[in-house]
Amino acid sequence: MSTVLIIFCILAAVTLASAFMTIFTKNPIHSAIYLVICFFSIAGHYLLFNAQFLALVHIIVYSGAIMILMLFTLMLMNLNKEDEVHKPRITRLGAVVSFLLIISVLIAIFIQTKPIVGPYDTTGEDYQSIKVLGQVLLDQDNGFMVAFEFASILLLVAMIGAVLLSKKEKSSK
Amino acid sequence: MDSAIILEKGIFIVIIFAITMLMAMYSTLAERKVAAWLQDRIGPNRAGKGGLLQPLADGLKLFSKEEFLPDTPNKFLFVVGPAISMSVALMTSAVIPWGDKLHLFGRDIILQATDIDVALLYVFGVLSVGVYGIMIGGWASNNKFSLMSAMRAASQMISYEVAMGLAIIALIMMTGTLSLREISAQQSGMNWNIFYQPVGFVIFLICSFAETNRTPFDLAECEAELIGGYHTEYSSMRMGFYLFAEYASMFISSTILAVLYLGAYNYPGMSWAVENWGVNIANVIGIFVLFAKICFFIFFFMWVRWTIPRFRYDQLMRLGWQMLIPLAIANIVVTGIVILLFDN
């Protein structure tokens with residue numbers, strides 16, 4: 001077995017184990033910490049592909065996000081009661097349906113995507129470097145400029161929505 | 001050839017590690033000496049000549065103290081907390097260019113442990129992990145005051161990371177690269193970034209005070225309100241690790257400030273020195289220049305600590321979110337306009 005394969009096996013085991021533990025732990029803080037470990041091992045997978053930029057952005061974005069998740073857990077949840085919250089059946093049904101929708105979108109993505117690493121393989125250029133990534137992502141003619149901007153607007157809307165929701169809750173209390 | 005590179009990098013990493021530890025150790029002494037100087041006292045002067053062995057004595061004291069575990073259900077996390085803080089504080093030095101290069105044994109030795117082209121992102125990644133040490137330790141202590149303090153520290157660090165990142169974006173727009181090596185090479189002579197990005201520099205400086213939990217942002221440690229801080233329940237060397245990590249990250253913050261804004265190892269007349277005195281001498285001077293800049297910033301950190309009182313919590317949040325972030329965004333806009341007008 002090559003070293004890369006061994007590292008991959010260890011990383012994959014850690015990723016899966018920590019992902020399972022995230023769901024099955026009763027304690028919300030422990031669950032958040034398992035989630036951090038899970039994301040770190042995913043970043044490790046990116047590093048195996050030599051995708052340094054992706055790995056580091058993954059760590060910055062997700063580790064910061066989970067920190068905030070942890071803070072919210074501590075501030076908003078009653079940690080003494082470790083019992084499950086009972087959601088109405090319609091909410092559960094909604095969750096299942098949206099999960100299935102996401103799965104179908106993901107499957108479509110995996111089937112449809114065409115890897116465009118071919119030309120870079122022949123020229124020997126490092127297609128994981130930020131220069132090439134930036135070109136591919138933000139090039140005005142044949143890049144994903146418009147999609148990129150739409151995604152950022154979507155994120156902005158989500159952020160404003162979150163602020164709005166938390167404000168409403170405050171005034172009703 | 002391959003093994004030679006591994007050997008070279010290995011030796012280099014060990015040296016960097018030793019220097020970081022040494023700097024952190026002597027920062028503790030320097031802090032007390034500077035405090036004494038500012039308050040017209042003498043400071044520690046018993047251990048060694050003029051107190052030079054004081055850090056060793058402190059370390060010995062911390063090691064020989066009783067290790068005490070509080071009654072917590074999270075013993076593992078309690079132990080992991082200071083370990084994360086300490087290792088994260090030491091990790092950043094891997095991407096710092098300590099000098100340009102040396103020419104030894106017939107080969108060029110690059111004075112940097114690793115030159116990844118996303119070095120700046122690496123620094124930020126490590127920074128964002130650093131919060132976990134404090135948060136996990138404070139939570140695992142099973143003490144409400146520790147938890148309060150850890151929450152303060154975490155929310156402060158997260159808030160100021162935003163402004164810090166925005167300040168850096170303006171710099172990246174100018175340099176056009178994320179590699180710290182290229183950024184320092186661009187600042188040759190007196191072409192330092194501080195002259196082009198004064199606002200960004202000030203924002204970054206303020207944010208690094210917040211990131212290292214130093215006064216005036218040391219709300220995480222407060223005897224009157226919180227008994228001690230997130231390390232209230234810690235004793236012996238675990239406590240020492242938390243304190244030590246603060247000094248190590250202060251050293252690293254000073255280094256990043258010096259590399260990004262104060263021209264790294266560059267000094268006026270470096271190219272002349274390379275021509276006339278050779279690469280080696282010029283670069284050894286460069287390393288000393290870099291360390292002089294770092295020492296200045298460490299002194300600055302201490303100077304501020306013993307001069308300015310601490311903020312109130314709401315003042316801290318208002319400064320971060322309502323002043324620094326808009327200022328940083330304005331800085332980005334102005335930088336963009338200037339680049340568009342004058343660079344094309």
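This is a predicted model: local features need pLDDT of at least 70, side-chain atom pairs count only at pLDDT 80 or more; totals for chains, interfaces and linings use all residues.

User: How many helices and strands does chain A have?

Analyst: Chain A has 7 helices and 0 strands, and its pattern along the sequence is α-α-α-α-α-α-α. Both elements are DSSP runs numbered from the N terminus: helices are H or I with at least four residues, and strands are E with at least two.

User: Why is Asp139(A) called exposed?

Analyst: Asp139(A) has 11 other C-beta atoms within 10 Å, and is therefore exposed. Asp139(A) sits in the loop between α6 (130–138) and α7 (145–172) of chain A. Its C-alpha atom is separated by 37 Å from that of Met70(A), 69 residues away along the chain.

User: What makes Val157(A) count as exposed?

Analyst: Val157(A) has 10 C-beta neighbours inside 10 Å, so it counts as exposed. Val157(A) belongs to helix α7 of chain A. Between Val157(A) and Ile68(A) there are 89 residues of sequence separation and 19 Å of space, C-alpha to C-alpha.

User: Why does α4(A) lie largely in the open?

Analyst: The number of buried residues among the 24 of α4(A) is 0, so α4(A) lies largely in the open. The expected span is 1.5 Å times one less than the number of residues.

User: Why is α10(B) largely enclosed by the rest of the structure?

Analyst: Of the 25 residues of α10(B), 21 are buried, so this helix is largely enclosed by the rest of the structure. Helix α10 (residues 236–260) of chain B reaches 36 Å from its first C-alpha to its last, close to the 36 Å expected.

User: Why does Asn213(B) count as buried?

Analyst: Asn213(B) has 24 C-beta neighbours inside 10 Å, so it counts as buried, although it is found in the loop between α8 (198–211) and α9 (223–226) of chain B. Asp40(B), in the loop between α1 and α2 of chain B, has 6 such neighbours and therefore counts as exposed. Phi is near 60 degrees, a positive value in a residue other than glycine, for Asn213(B) and likewise for Asp40(B).

User: What makes α1(B) and α2(B) roughly perpendicular?

Analyst: Helix α1 (residues 2–38) and helix α2 (residues 54–64) of chain B pack at about 105 degrees, with their axes 9 Å apart. Axes are lines fitted to C-alpha atoms, for helices over the stretch in contact, and angles run from 0 to 180 degrees between N-to-C directions. Angles of 65 to 115 degrees count as roughly perpendicular, under 35 as roughly parallel, over 145 as roughly antiparallel, and the rest as oblique. The pair α1(B) and α2(B) is therefore roughly perpendicular.

User: Why is α4(B) called roughly antiparallel to α5(B)?

Analyst: The two helices pack at an angle of about 170 degrees, with their axes 8 Å apart. That angle makes α4(B) roughly antiparallel to α5(B).

User: How many residues of chain B are in contact with chain A?

Analyst: There are 19, and they are in contact with 18 residues of chain A; contact requires C-beta atoms, placed from the backbone, within 7 Å. Helices α4 (119–140) and α5 (144–175) of chain B each supply at least two residues of the side that touches chain A, and α4(B) gives the most, with 11 residues.

Notes
Residues are numbered from 1 along each chain as its sequence is written. Chains are lettered from A and ligands numbered from 1 in the order in which they are written. Two residues are in contact if their C-beta atoms, placed from the backbone, lie within 7 Å. A residue is buried if 20 or more other C-beta atoms lie within 10 Å of its own, exposed if 12 or fewer, and partly exposed in between; C-beta atoms are placed from the backbone.
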